[in-house]
Amino acid sequence: MKGTQLGEFEEVVLLTIALLYDDAYSVAVVEELGQRLERPMSLGAVHRTMQRLEEKGLVNSRFGESTAERGGRRKRLFTVTAAGEQVLQEARRIRNDLWADIPKAAFGGGVA
Amino acid sequence: MNRKPTAPRWAQQLLKRITAPHLREEIQGDMDELFQMRGQRYGYAKARLLYVVDLLLLLHPRLWRRQAAPQVKARYSKFTDVPKSFLHPDMIRSYLTIAFRNLVKNKSYSAINIGGLAVGMAVAMLIGLWITDEVSANKHHKNYETLYQVKMSQTFDGTRGTQDALPFPVGEELRSKYPDFKAVAMYDRGEGNRSLIVGNQKFLKQGLFIGEDAIDMFSLTILNGNKNPLKEPYSIVLSDETAHALFGDQDPIGKILKMDNSVDLKVTAVVAKQPQNATLQFDYLLPWHLQEKIYDWVGKKLKTNWQNNGWGVFVQLKEGVDPAQTNAKIKDVILSHTSNDANAISRVKPELFLHPMAKWRLYSEFTEGKNTGGFIKYVRLFGIFGLFILVIACINFMNLSTARSEKRAKEVGVRKAVGSGREQLIGQFLSESTLIAFMALVLALGIVLLAMPYFNTLTEKTMSIDFGNPVFWCVIVVFTAFTGLLAGSYPALYLSSFNPVKILKGGVHVGKNASLPRKILVVVQFTFSTVLMISTIIIYQQIQHGKNRPIGFTNKGLISVNSSNDLVDHFEALRTELLATGAVSSICKSNSPPTQWWSSNGGWEWKGSTPDDKSSIFTTIATNFDYIKTMGIKLKEGRDFSRDFTTDSTGVLLNEAAVKRMGLKHPIGEILHWAGKDRTVVGVIPDIVVEWSPYRAVAPMTILFEKNWVGFICVRINPAVASSVAISKIAPIFDKYNPGYPFDYKFADTEYTKKFNYEELIGNLSAIVSLLAIFISCLGLFGLASFMAEQRTKEIGIRKVLGASVANVWGLLSRDFVQLVIVSCLIASPIAWYAMNQWLESYTYKIDIQVGVFLSVLVLALMITLLTVSYQAIKAGLLNPVKSLKSE
């Protein structure tokens with residue numbers, strides 16, 4: 001499926017958007033990812049990725065409410081589209097298949 | 001007041017500026033929110049810092065793009081607004097879009113076009129820089145227009161030679177008696193390597209004695225110190241580089257250093273080092289009057305000696321003085337002082353004249369007393385090379401554009417049918433070619449930047465592109481735009497003239513003559529390349545010829561060391577100790593380094609010589625024992641100076657040229673007369689090549705036995721000892737007997753190789769240029785061949801159906817090109833022959849141009865052509881005819 005190929009970072013961001021469900025906007029994604037990946041996250045990188053995801057049709061966006069700490073500016077809220085979900089499922093399936101097929105000896109027999 | 005903390009205002013402003021309009025609101029909001037969040041978490045100072053960091057990380061084209069991607073669809077609504085002019089911004093955008101799509105669609109074509117043009121432009125730019133550097137030499141001197149060097153022409157043996165070595169009193173004479181000059185500075189022309197001692201550190205640096213006027217004349221920038229630093233005799237002026245080497249970061253002004261282990265000098269000024277292309281180069285300057293104080297022979301004898309040539313004079317003319325008139329006035333200055341011993345001097349007819357600074361660098365050669373050019377010939381040569389390669393690249397561009405534009409006839413037809421006007425089509429083709437030219441420019445600049453270090457090493461310069469210079473950009477942009485428009489002009493005019501009805505009905509009928517201009521261009525291109533190839537080979541052969549010239553002595557394992565008073569005084573002890581190490585097989589004294597001669601003399605008389613023969617000049621080597629042995633010369637006749645013969649102090653050795661010049665049948669034992677002494681010929685040596693140019697005829701030479709005329713000490717290393725080992729054994733002995741100088745030695749073979757520097761440079765540059773010329777030409781051929789094959793796909797298909805083999809098809813497609821290349825070679829050969837003959841004129845020891853060169857270049861060119869074309873030809877031949885024919 002050319003065109004919907006997901007980069008590693010794109011996949012993580014897409015998953016985070018799904019995870020945050022109704023409150024997925026850039027700052028929340030930055031926060032969430034920063035905690036989970038245990039590394040500082042650049043707002044710019046997240047923005048770019050979300051834009052790309054939108055261009056690929058994997059997420060939809062709408063303007064949300066504005067708050068005081070945003071200087072009265074609105075935030076853009078994202079939701080995963082059906083296509084986005086499909087791509088995530090696909091990625092997961094491939095990974096699961098890969099894990100399942102790793103021979104035990106590969107990791108020194110440590111994998112149960 | 002309890003205002004809420006905010007992010008830095010400038011950062012907010014910047015953010016607002018860089019972000020795309022459609023993203024601005026959310027990004028600004030996000031940044032503010034993050035700021036507040038972090039402020040509460042880590043404190044506002046850190047939050048501010050992180051704000052700026054985030055801002056920097058936002059620098060990405062995706063976030064500045066003016067247009068949001070999903071909104072692209074909206075543009076189609078503009079379809080109804082038909083732009084009025086073909087220069088309307090929307091139209092230009094559309095041209096560029098189409099041009100870009102075309103480039104991407106035909107990747108190989110684009111690569112050939114852009115790559116070839118880029119290489120051509122890069123080479124032209126590098127050569128342009130090199131020429132600029134040469135032409136602008138010395139222009140940094142403020143008095144560029146009014147500075148002159150005084151030169152002198154004299155006639156020896158019927159040839160008029162020109163030199164800059166003048167008698168010592170000339171400078172003072174010009175200064176005191178001729179009001180034409182604003183300033184006069186005398187200088188010594190010697191090599192000027194002296195030792196400077198600071199504390200217990202010894203440095204060997206190059207400098208010269210020069211008159212105090214020089215500082216202002218050459219507008220030397222005094223960085224530190226006295227305004228007139230050469231006034232007091234015991235002074236020294238250092239270049240900033242030397243000052244740093246000697247004193248590090250200390251202030252050198254007023255510091256005392258010791259020169260030649262004998263004289264204490266006070267540093268009076270530091271001047272900026274001269275640029276690499278300046279003629280006047282020095283590590284330090286010494287006051288002219290210091291010479292009289294430290295060398296008694298200068299003060300006593302030289303001030304009135306009008307016959308000993310060894311000093312130079314720079315002059316600055318007053319504003320508005322015509323140099324031609326000054327020349328007439330100073331012409332006979334020397335002659336007027338030699339009336340009493342007119343015999344020798346008036347015979348050579350010395351005449352003084354002025355050589356302007358503007359000509360120092362590029363016009364420094366004189367033949368028969370006339371200025372006949374010099375390095376300018378190389379500058380012109382490479383100017384032509386650069387032009388050639390650029391023309392070759394442009395021809396590629398045009399050829400490929402026209403070849404391909406025939407293919408695009410249908411596109412033109414459709415466009416016209418849909419309603420595009422001719423000017424819009426012209427606009428489109430021109431935009432396309434200009435776009436290509438600018439892409440090539442970007443690539444070319446990249447190539448230039450990458451190649452610059454290597455180019456600088458090759459040419460021994462320190463050039464760089466001045467990107468801050470608007471003139472540079474103007475030239476480059478105009479030049480590129482011109483190239484693009486020129487290359488695009490033909491296809492644009494040609495194609496836009498098509499009648500749409502005809503094209504769409506039955507395709508273009510490309511007439512028989514349509515490819516003629518292209519053929520002519522290919523011939524021109526290959527003519528240039530072939531000329532370059534032939535020239536390169538001949539230049540290379542000439543260099544090899546010079547390098548392989550039998551030099552008459554063994555320069556391998558021979559080293560020379562600058563002599564000093566200490567070394568002369570302790571020569572015997574030095575010799576004994578050096579020989580005792582076993583690393584040295586022989587050692588001698590000489591007045592010049594082993595690969596050069598530094599002195600020459602007239603006034604020789606021999607049996608049967610006429611008074612005119614007294615003006616014959618003989619190269620002079622002054623030595624004592626073991627010169628022949630140390631140099632590794634095989635004697636022709638007689639013997640070396642020997643310790644066994646007490647009479648050898650009046651002996652003399654001749655080279656074969658001298659024997660011939662004097663017309664001696666049996667030279668051994670002949671008595672010659674020179675400088676008031678009779679001298680007996682004891683031996684004859686072969687013509688050793690110690691001329692400054694190894695391509696020159698060897699001059700007649702006399703080798704004198706002179707104990708105290710020493711400039712160098714030559715040492716032959718025992719061949720059984722590795723030279724590095726030998727040096728390590730020799731060094732301490734020299735250090736012991738020569739405490740005032742660092743041990744500075746030169747290998748004769750390395751020094752000899754240096755004589756080929758210019759030719760090597762020319763050879764290497766022309767080899768590179770001709771290789772690139774061939775490469776670019778072949779790129780063009782490759783492209784052309786592929787289009788020809790494509791154009792004739794159907795024909796080839798039919799031929800194959802009718803039984804033609806792959807070889808037949810290959811022959812069919814290659815024949816055209818082979819013919820063109822043969823024609824090119826036929827045109828190129830006489831051009832190259834003529835040009836190279838001219839070039840070789842300046843060498844006495846030279847090769848004869850051989851027919852073989854032309855034949856081998858022809859064969860080579862044909863092979864390269866066939867290799868280039870064959871790929872496409874065979875590909876076309878292998879194509880399945882079913883595929884190429886089934887479309888209709």
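For the class counts here, Ala, Val, Leu, Ile, Met, Phe, Trp, Tyr, Cys and Pro are nonpolar, Asp, Glu, Lys and Arg are charged, and the others, Gly among them, are polar. This is a predicted model, where local features need pLDDT of at least 70 and side-chain atom pairs count only at pLDDT 80 or more, while totals for chains, interfaces and linings use all residues. Residues are numbered from 1 along each chain as its sequence is written, chains are lettered from A in the order in which they are written, and side-chain values use heavy atoms, with hydrogens and water left out.

**Cavities**

- You'll find 4 cavities of 30 Å³ or more (sets of points, on a 1 Å grid over the protein atoms alone, where a 1.4 Å probe fits but cannot get out; lining residues have an atom within 4 Å of a point).
- The largest cavity holds about 130 Å³ (a volume is the space filled by probe spheres set on the points, which are joined across faces, edges and corners).
- Its lining runs to 13 residues, with B:Tyr109, B:Ser401, B:Arg408, B:Phe429 and B:Glu432 nearest the centre.
- In chain B, helices H6 (107-135), H15 (376-407), H17 (422-459) and H18 (470-496) each give two or more residues to that lining (helices are DSSP runs of H or I, at least four residues, and strands are runs of E, at least two, numbered from the N terminus).
- By class, the lining of the largest cavity splits into 5 nonpolar, 5 polar and 3 charged residues.
- The second largest cavity comes in at about 50 Å³, and its lining has 5 nonpolar, 2 polar and 1 charged residue.
- Among the residues lining the second largest cavity are B:Leu204, B:Val561, B:Tyr741 and B:Asp744.

**Where chain A meets chain B**

- The contact (heavy atoms within 4.5 Å) takes 20 residues from chain A and 24 from chain B.
- Together the two chains bury about 2,200 Å², 51% of it on carbon and sulfur atoms (accessible area, 1.4 Å probe, lost on being put together and summed over both).
- There are 6 salt bridges between the chains (a side-chain nitrogen of Lys or Arg within 4 Å of a carboxyl oxygen of Asp or Glu).
- One salt bridge pairs B:Glu25 with A:Arg74, at 3.2 Å from N to O.
- On chain A's side, H2 (26-37), H3 (43-55) and strand S2 (74-80) each give two or more residues, and H3(A) gives the most, with 7.
- That side of chain A divides into 5 nonpolar, 6 polar and 9 charged residues.

Methods
1 Å grid on protein atoms, 1.4 Å probe; cavity = no way out; pocket = protein on both sides within 12 Å on 5 of 7 lines; lining within 4 Å.
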